[in-house]
Each structure stands twice: as C-alpha cells, then as structure tokens.
Amino acid sequence: MQLLFTLCGLAAVWFVLLITVYLILSGIPAIRKIGPADFLFGKTWAAGRDQYGILPLILTSVYGTAGAIVIGVPVGFFTAVFLAKAAPKKAAAILRPAVSLLAGIPSVVYGLVGMCVLVPALRSLLGLPAGDSLLAAILVLAVMILPSIISLSETALEAVPKEYEEASLALGATELETYFRVSAPAARSGIAAAVVLGIGRAVGEAMAIMMVAGNVANMPALTRSVRFLTTGISIELNYSQDGSLQRQALFSIGLVLFLFIMLINALLNLVLKREKED
Amino acid sequence: MKKAVSFALGAVLAVSMLAGCSGDQKGGTVNTDGSTSMADVMGALTEAFKAKDPDITVNYSGTGSGSGISGVLDGTCDIGLSSRELTQEETEKGAVAHVVALDGVAVVVNPQNAVADLTTEQIADIFTGKIANWSELGGEDAPIAVYGREDGSGTRSAFEEIVGVEDACAYTNEYGSTGDVIGNVASNENAIGYASLSAVDSSVAAVKVNGVAPSEDTVKDGSYTIQRPFVMVTKKDVKLSAAAQAFLDFAVSEEAAEYIAAAGAVYPN
C-alpha cells in the first residue's frame, strides 16, 4: 500500500520534471537562433518574414492580467467582505453557490459568451470596426478570476478572530470602519494570496481570450486586437511546420510563459509562508 | 542452434536486400517536395494512391514552392510541388508543369453589406488599410474590419500573393481556421475576410472580383482571378522512376478529381 502511494506521488513529480525538461530542450534552440534580445524585445512577430519578437505578446499578457486584476480584485474583495461579514443569511445562500458555479464554468463558455455578447456590444458602443480587443479580453478575464479571489478572500476574512472586531466595535467604530480598518488588514496575506492566484489564472488562460482578443500581434492598446503569450502559441501551432523555426519559436513562447507561471508560483509560496509566520 | 538461426536470418536479410535493389519490381518511393499550401491536396492524393497501390510510398515535405522547384531541377526530389505558375527562368532550366488542381479564394463580406463587387486594387487597398470605411466603396458609413488567417496558413499566403499584398496586410483580427473567419464575418456587418472557395456557405456573401462571381466554373475558366494553380513539376528529359510516373499519372487522372475536391480545391480538366 505504501508503495502505491509513493508511486502516485512520484508520478506528479515525474510529470513536472518531464514537462520542464521538454520545454527547456525544445524552447532553447529558437531563442539561440533568433537571439535572446531580439526574441524577448523584438516588436514584430511575423513568421512570414522570419521576424520573431514577442515583446507585444509579453506586454499584452502583462497589461491584460493587470487590467483583469484592477477590475476583478475590488469587485471580488467587496463581494468577499459582504459574504463574510455583512450578508443576510438568505443573500449569502444565493451568492455563495453562484460564486462556486462561476468557478465551474469551462473557459470556452466564457469565450463564447464574450464572443457573442461582449464583442458585438463593444463594437457598437465604441464605434469600432470590430469589438475584439484587449478591453474585451480584460473584461472576460476579470470575471474569470472573480471566483478564486472571492473564495480565498472570504476564507481569510472569516479567519480573523472575532475579538478584534468586537474590540473595534466596542471602541465606537462603525461596522464599515471595522471591516475595512480592522478585518481586512488582519486578513491581508490571505487576500494577497487570492490576488496572486488570480494573476496566475489570468496569465495562463488561453481559450476564452483567443475568442475575444482578435489575435493580431499588435502592441497592446485597449481597443485594438491583441495577442497574448498563450494565444500566440495556440493560434499558430496548427499550421506551423514540424521542425521549422516558427514551430520552435512557439515552444520558446511556451518556455517564457512557463517562467512567468513559475515566478507567480514562487510569489504565491512567499505570500503563504508569510501568512503562516504571521 | 544459435549459429543456424543467425545464418538463416542473414540469408533472409541478404535476399530481401537483393529484392530491394532490383529496380523494375513493383513498389518504390516517390519523394515530393515543395508548396506548403498543397499539403491538403497532397494528403488526399497520397492517401488515395496508397489505397490503390500499397507498395509505393509517397513522401511529402513542405518547404515552399521555390525550393520544391529547385529541388526537382537539382534532382534532390522526384516531383516538385508549386502553388504558383512557373517563371520563365524556371521553364528555361527545364522545369515542366503538370497542373493537378486549382485553388480559388473567395473574398467574403457580411450579407447585410451592400458592397457586392470589388476590383483587385480595391481589395488590396482594403487589406493594406488604405481604404478604411465602407462609404468609400459605396457602402454605409462604417469602419472596415479586416479579418484574415494567422501566419503560416495556406489560404493567407495564397490570398496575399495573388492580390499582391504579401506581408503588407493590416488585419483587424486574425483567426486560426477558415470556419472562424466565416463565422466572424457572418456576425459583424463591418467585416471583410477571405476563405477557401469550397468553405463558403450562405451565412456570408462572396463578392464579385472585377465583376466575376467566384464559382467552380469561373475558377476553371480563369475568369475569377483570385486563384492559383497547384502544379507538380518535373524536369524535361529526365525519366521519372516507375513509381513517380504512376503517382503523377494518378494525380492528373480523372480518378483523382474527387480527392482533389475533397481537399477543397478545383479539379482543372
């Protein structure tokens, strides 16, 4: 029995190692051929002209994620405060299942709704030729990261000792003051973990944003069509030839994306460790 | 015992090697090399030919029309594949063209769009961004959304090459498949896009180009101009191997018509 458990545990480790080694081996050759500086800081991605600069893709992923966080975190945080502290029992009974349902919706469905509702709406509202844009992707991502932000923040807020809040209320603070001046600061590392997890989800998302972002490798601008690191791989993989520099460069994008995710994971571990020490 | 087995194995190997050497036996390998846009057509032809003659292996490597033609001229492959007509220079060097299929690319707009007829110049101006509003073309006052395929797509390279806008297109959006282009043109009144002729359905409207509506017939007679030939190239005075000749004969025969149509191209004869 012991052996079985050990083997299962090892399988996970083995897959991580396999993926890491494979990504590094297949991602390095193109970076060496193109040159690390030209690859990372080149402003033009045009496989037809043998130009493989992924700066537009990197910036789009960074801006897109930042935008999703700017919109998603306040909304998610306020929802969490409402759920943990202020919500009447009936409201919470509706809201909580709704949030977990939101987490369970497949990303392709988010993309579909974005494509059929959000994109045409943006087009007519802003008078654009087409609604597919960074803005559309940010809005979709903001909704997609809500569940993880809400549920993690709520857990953190509920873990704040009752005495803190009672003391604050006894000293004459209003309920709102108590939640934002006492409860939230006490739960800050849990909330920070929620934000980092949201970043991770947003950076790694591909399917939903491929359907609403337009996928042209432009330098990011809110109302223009953009290409993320993730969608850069998925859109060109089908027709790139095996062994060509284009295919290799796609693996290199994968490597860059992998490093991003590793960085975010390291950040998350740091935050969680701090929380434990607190 | 061991010795006997290894002797027997060796004998079998030697005989099979001899069999492999004798040239005019059935079977063999055909190496084809060239146009990436022909991948679909080559896939269909290879598969059908394999069912017909399982002993012959047809290899395909997609390196581009130019290198396919120079490959056959240098003798590094049996048949070169080109998705454009041969240049005069290539013909002078001894390249011979055998057209196996025609590839038509339709320019599609939303059915709501009043613009139904465009010239090649207008199409080029739209795709490079010089014309940015439908009112300049007699349509409504609305910005034009230019939809295309991702880099590496055969349809994209065909369209850009024929219209003369290679790597000069200012796309609003890029999509990963023909179906995506058609679906998104169907849902956006401002959109224009292109798709392989065989994939166009009633959800979008294919515009006339220089007054000619795209159809199998207008592609065949050459009056619809956004089309290109799929050519198998051989070298003059160089005799093909029996296997290569058999494959070429099959590719231009009427038998191949249905497979070429299934791969989305038009049978030329």
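In which loop of chain B does Asn210(B) lie? In this predicted model, Asn210(B) belongs to the loop between β10 (208-209) and α8 (216-220) of chain B. Its backbone carries a positive phi of about 50 degrees, although the residue is not a glycine. Asn210(B) counts as partly exposed, because 15 C-beta neighbours lie inside 10 Å. A positive phi in a residue other than glycine also occurs at Asp167(B), where the angle is near 55 degrees. Asp167(B) is located in the loop between α6 (154-163) and β7 of chain B. With 11 C-beta neighbours inside 10 Å, Asp167(B) counts as exposed.

The pairing of strands in chain B was examined from strand β4, which comprises residues 95-109. Eleven of the 15 residues of β4(B) are buried, so this strand is largely enclosed by the rest of the structure. β4(B) pairs with strand β11 (residues 227-235) of chain B in the antiparallel sense, over nine bridges. Within this pairing, Ala97(B) has Val233(B) of β11(B) as its bridge partner. Strand β8 (residues 191-196) of chain B also runs antiparallel to β4(B), and five bridges join the two. A further antiparallel pairing, with two bridges, links β4(B) to strand β9 (residues 205-206) of chain B. Val109(B) takes part in two of these arrangements: the residue stands opposite Ile192(B) in β8(B) and opposite Ala205(B) in β9(B).

Strand β8 of chain B also contains Ala195(B). This residue counts as buried, because 27 C-beta neighbours are found inside 10 Å, whereas the threshold for burial is 20 or more. When residues up to four places away in sequence are not counted, Ala195(B) touches Ala106(B), Val108(B), Thr155(B), Thr178(B), Val181(B), Ile182(B) and Val200(B). Ala195(B) and Asn184(B) are separated by eleven residues in sequence, and their C-alpha atoms are 12 Å apart in space.

Chain A was described at the level of its overall architecture. The chain contains twelve helices and two strands, and along the sequence these elements follow the pattern α-α-β-β-α-α-α-α-α-α-α-α-α-α. The C-alpha trace of chain A spans about 70 × 60 × 35 Å along its principal axes. Of the 278 residues in chain A, 42% count as buried. Among contacts in chain A between residues at least 6 apart in sequence, 72% join residues at least 24 apart.

The two chains touch one another, with 20 residues of chain B in contact with 20 residues of chain A. On the side of chain B that touches chain A, strand β7 (residues 173-175) gives the most, with three residues. The residues on this side of chain B divide into six nonpolar, ten polar and four charged.

Notes. Residues numbered from 1 in each chain as written. Chains lettered and ligands numbered in written order. Predicted model: local features only at pLDDT ≥ 70, side-chain atom pairs only at ≥ 80, totals over all residues. Contact = placed C-beta atoms within 7 Å. Helix = DSSP H or I, 4+ residues; strand = E, 2+ residues; numbered from the N terminus. Nonpolar A, V, L, I, M, F, W, Y, C, P; charged D, E, K, R; others polar. Buried ≥ 20, exposed ≤ 12 C-beta atoms within 10 Å, placed from the backbone. Pairing = 2+ DSSP bridges.
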